[in-house]
Amino acid sequence: MFAPHKITALALSLGCAALALPAHAEFPDKTVRIVVPYSAGGGTDIVARRLAERLTPRLKQTVVVDNRPGANGIIGTDFVAKSAPDGHTYVLVVNTHLLNPILYKKMPYDTFGDLIGVTMVCKSPLVFVTQTQFPATNAMDFAKYVKAKPDKYSYGSSENMTRLVGEMYNKQQHLDMVNVAYKGGAPLMTDVIGGITTIGVTSVLTAKPFITSGKLRPLAVTGAQRTPALPNVPTMIESGMKDFEVYTSYSLYAPAKTPRAALERMQKEVHDIVMAPDMKEILAEQAATPVAQSVDQFNAEVKTDFAAWQRLAKEVNLQAE
């Protein structure tokens with residue numbers, strides 16, 4: 001029979017051992033999910049799938065991409081915000097993630113309280129595209145056609161960020177094109193090719209296959225300089241639109257209470273993947289530049305970026321719904 005003090009010591013020992021077990025559990029220990037809150041085939045989906053196929057052998061767990069489109073990315077992001085913060089669920093978003101709390105009066109989650117940033121994977125300029133049969137070959141010529149028949153033309157966006165950039169173009173050129181909203185870049189491209197929507201604002205990642213195949217005509221890119229991915233396409237600044245410099249970013253977030261160790265492990269793996277020569281080359285072909293800064297750096301930049309998007313939304317008069 002154990003003496004009382006020995007029973008107490010044994011219980012304490014077993015209790016400490018039980019508490020220590022999770023610390024020794026291997027991470028990750030099950031399938032990792034990257035939610036894409038837009039439809040398959042768009043720029044975010046492309047980046048997510050390239051990441052997933054390279055993360056799988058590194059994490060020694062299957063990494064799956066889960067498309068949950070709708071409501072400017074809110075549906076998929078809400079799913080992640082409410083997921084277990086165990087390091088196995090992430091969401092890959094574009095800048096719209098920071099625009100949504102500006103443009104929606106009611107959100108099902110707290111953008112800054114329910115999610116935490118992991119890293120910005122990469123960034124890319126946007127491109128304005130139209131069907132190849134349209135007579136305009138650049139952004140300024142396109143504006144002339146719109147002014148001649150102001151009630152005829154529309155621009156398509158796949159989320160609030162590209163909607164805002166379309167409004168920037170509307171404002172600078174004194175146009176009144178109606179916005180047509182899509183759940184992702186792929187269906188947007190389909191309708192621009194078919195002439196249902198006149199012009200599309202999207203990432204080079206999304207549009208380039210259609211440009212290369214001759215199904216779409218690029219009018220201008222939104223970077224500070226021309227991109228090697230589309231060397232013959234002028235920038236909006238070259239086209240006469242001062243300060244028209246915008247990039248879309250592809251950023252990874254996790255539920256707010258995700259363990260720091262999981263965040264840092266994912267950041268490190270993403271960094272090593274996008275900085276590898278083969279991935280750099282793949283991204284460069286689509287006009288994307290790898291970033292993959294640290295967890296702390298990224299979350300500090302998120303605050304700065306949010307303030308910048310607030311100013312820009314106000315400048316183009318985008319109102320909260």
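User: Which element gives the most to the lining of the largest pocket?

Analyst: Rolling a probe the size of a water molecule over the atoms shows where empty space is left. On a 1 Å grid over the protein atoms alone, a pocket is an open set of points with protein on both sides within 12 Å along at least five of seven lines, whereas in a cavity a 1.4 Å probe fits but cannot get out; lining residues have an atom within 4 Å of a point. In this case H11 gives the most, with nine residues. The model is predicted: local features need pLDDT of at least 70 and side-chain atom pairs count only at pLDDT 80 or more, while totals for chains, interfaces and linings use all residues. Residues are numbered from 1 along each chain as its sequence is written, and side-chain values use heavy atoms, with hydrogens and water left out.

User: What is the volume of the largest pocket, and which residues are closest to its centre?

Analyst: A volume is the space filled by probe spheres set on the grid points, which are joined across faces, edges and corners. The largest pocket has a volume of about 400 Å³. Its lining has 22 residues, and Asn-95, Tyr-247, Asp-305, Ala-308 and Trp-309 are the closest to the centre. Two or more lining residues come from each of helix H4 (96-103), strand S4 (115-131), strand S9 (247-255) and helix H11 (295-315); helices (H or I, at least four residues) and strands (E, at least two) are DSSP runs numbered from the N terminus.

User: How do the residues of that lining divide by class?

Analyst: Ala, Val, Leu, Ile, Met, Phe, Trp, Tyr, Cys and Pro count as nonpolar, Asp, Glu, Lys and Arg as charged, and the others, Gly among them, as polar. The lining of the largest pocket has twelve nonpolar, four polar and six charged residues.

User: What lines the second largest pocket?

Analyst: The second largest pocket holds about 220 Å³ of space. Its lining has 14 residues, with Pro-125, Thr-227, Tyr-247, Ala-287 and Thr-289 nearest the centre. S4 provides the largest share, three residues.

User: How many cavities of 30 Å³ or more does a search of the whole structure find?

Analyst: The search finds one, and the largest cavity holds about 160 Å³ of space. Of its 19 lining residues, Gly-43, Thr-44, Ser-158, Glu-159 and Thr-206 lie nearest the centre. H2 gives the most to this lining, with three residues. By class, the cavity lining has five nonpolar, twelve polar and two charged residues.

User: At what angle do H7 and H8 pack?

Analyst: Two packed helices are described by the angle between their axes and the distance between the axes. Axes are lines fitted to C-alpha atoms, for helices over the stretch in contact, and angles run from 0 to 180 degrees between N-to-C directions. Helix H7 (residues 185-193) and helix H8 (residues 204-212) pack at about 35 degrees, with axes 10 Å apart. Gly-185, Ala-186, Met-189 and Ile-193 of H7 make the contact (heavy atoms within 4.5 Å) with Thr-206, Ala-207 and Phe-210 of H8.

User: Is Asp-78 buried or exposed?

Analyst: Buried means under 20% relative accessible area, exposed over 50%, and partly exposed in between (1.4 Å probe, protein chains only). Asp-78, in helix H3, counts as buried because its relative accessibility is 17%. Leaving aside neighbours within four places in sequence, Asp-78 is in contact with Pro-108 and Tyr-109. Pro-69, by contrast, is partly exposed, with a relative accessible area of 30%.
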